[in-house]
Amino acid sequence: MTMTKLRFNASLAVQAALVTEQAAIAASDMVGLGREKAADQKAVDAMRRGLNALDIRGRIVIGEGERDEAPMLYIGEEVGTGQGPEIDIALDPLEGTTLTAKAMANALAVMAFAPRGGLLFAPDVYMDKIAIGPGYGAGIIDLNDSASDNVKRLAAAKGVKPSDITVCVLDRSRHADIITSLRDIDARVRLITDGDVQGVIATTDPDTQTDMYIGQGGAPEGVLAAAALRCIGGQMLGRLHFRNDDEIGRARRVGIDDLDKTYDLEGLASGPTIFSATGVTQGSLLDGVKVKEGRVHTHTLIMNSVDNAVQRLRSSRPYKAG
């Protein structure tokens, strides 16, 4: 079935939101308990149940890993009732397992939909990434340039000084040179411990006061973040980073032959996309799951590239423990 804008609509976006809400609620039961794997499994199970209830012919292209490593929601798994449109799905049932286990901020349940073939089949390897929000001309960012040069160009486009630019970077030792480059021009650095999907999305939200995201993180998360940017605008570049022959083999198995290719936003997520993220723990982008007076409250971000709609949905329903 050919996906049309009529089929890829707000109704499907709401269904995606219901699935991320279910995953977030399930994971929230594990907040602060120090059990990362258990928290992730609860989110996976809930998201899988939700997807299998949808009238779609879904295929996981970004999931929990390859089939031998992930018994549920693995790359290539078919989900849905088998009725309805063919959809490629990128997901992270719990972005921030450590954040959840330690009751830290910014854990999310995240998912993106696109028509079949609309999302990069990215292997579970690292990706060098850079992203900015909407409203700028082409050529502002370049993965081949230093962090400081990228910030200088963005500052010039905004008509401000580099010291007025805030850059989000994962707090990792591998990013020492990036952070030094930014400090050398007095750019402001916002370090995050985990969750680079929300780091990229933050560049689209003025309330987060984040102008740019730079760093090396998971390639699957890069595709998820790109799906969100496709909905609201912005620029993103990504290039796969391989540490060994096994990781190169993973790329070959999903059909990637050009190992040095730089992907732009269109290359990461093409055509119409739907993105949904529900907060698990309290964060800068979304509120976390809360249980009050027998009801569970959720906060979800829904984006749809068809009409560039951005919605924040607050839901409340009776709470069922477990």
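1. Arginine 317 touches Leu18, Glu21, Ile25, Gly294, Arg295, Val296 and Thr298, leaving out residues up to four places away in sequence; contact here is heavy atoms within 4.5 Å. Arg317 sits in strand E14 (residues 309-318), where strands (E, at least two residues) and helices (H or I, at least four) are DSSP runs numbered from the N terminus. At 27% relative accessibility, Arg317 counts as partly exposed. For that label, buried is under 20% relative accessible area, exposed is over 50% and partly exposed lies in between (1.4 Å probe, protein chains only). Between the C-alpha atoms of Arg317 and asparagine 106 there are 22 Å, with 211 residues separating the two along the chain.

2. A word on what we're looking at: this is a predicted model, where local features need pLDDT of at least 70 and side-chain atom pairs count only at pLDDT 80 or more, while totals for chains, interfaces and linings use all residues. Residues are numbered from 1 along each chain as its sequence is written, and side-chain values use heavy atoms, with hydrogens and water left out.

3. On to the largest pocket, which holds about 860 Å³ of space. The pocket search runs on a 1 Å grid over the protein atoms alone: a pocket is an open set of points where a 1.4 Å probe fits, with protein on both sides within 12 Å along at least five of seven lines, and a lining residue has an atom within 4 Å of a point. Grid points are joined across faces, edges and corners, and the volume is the space filled by probe spheres set on them. The lining comes to 36 residues, with Asp92, Leu94, Thr97, Asp124 and Glu221 nearest the centre. Helix H2 (36-52), E3, H3, strand E8 (212-218) and helix H7 (219-232) each put at least two residues into the lining.

4. What is the make-up of that lining by class? There are 14 nonpolar, 9 polar and 13 charged residues. Ala, Val, Leu, Ile, Met, Phe, Trp, Tyr, Cys and Pro are the nonpolar ones, Asp, Glu, Lys and Arg the charged ones, and the others, Gly among them, count as polar.

5. Now the annotations. An unreviewed UniProt entry places a "binding site" at Asp92, Glu95 and Glu221; its positions follow the numbering used here, feature names are shortened, and annotations may be inferred rather than shown by experiment. The three are spread over 130 residues of sequence but cluster in space, the largest C-alpha distance being 8.6 Å. Asp92, Glu95 and Glu221 are also part of the largest pocket's lining.

6. Asp92 and Glu221 are worth a look together. Asp92 is in strand E3 and counts as buried at 10% relative accessibility. Outside its sequence neighbours within four places, Asp92 meets Glu64, Leu108, Ala109, Val110, Glu221 and Leu224. Glu221, in helix H7, touches Asp92, Glu95, Lys129, Asp196 and Val197, again not counting residues up to four places away in sequence.

7. Glu95, also placed in E3, is buried, with a relative accessible area of 3%. Beyond four places in sequence, its contacts include Asn106, Leu108, Gly195, Asp196 and Glu221. Glycine 96 falls in the loop between E3 and helix H3 (97-101) and is buried at 12%.

8. Buried or partly exposed: how does Asp40 count? With 17% relative accessibility, Asp40 is buried. Asp40 lies in helix H2 and touches Glu64, Leu94 and Thr97, sequence neighbours up to four places away aside. Glu64, in the loop between E1 and E2, is partly exposed at 25%.

9. Finally, the strands. E1 (residues 57-62) runs parallel to E3 (residues 86-95), joined by 5 bridges, and glycine 58 has isoleucine 87 as its bridge partner in E3. Pairing asks for at least two DSSP bridges between two strands. E1 also meets E2 (residues 78-79) in the antiparallel sense through 2 bridges. Elsewhere, an open sheet of 6 strands runs E7-E6-E8-E5-E9-E10 with mixed pairing. Its edge strands are E7 (188-192) and E10 (262-263), each pairing on one side only. Within it, E5 (residues 126-132) and E8 are antiparallel over 7 bridges.
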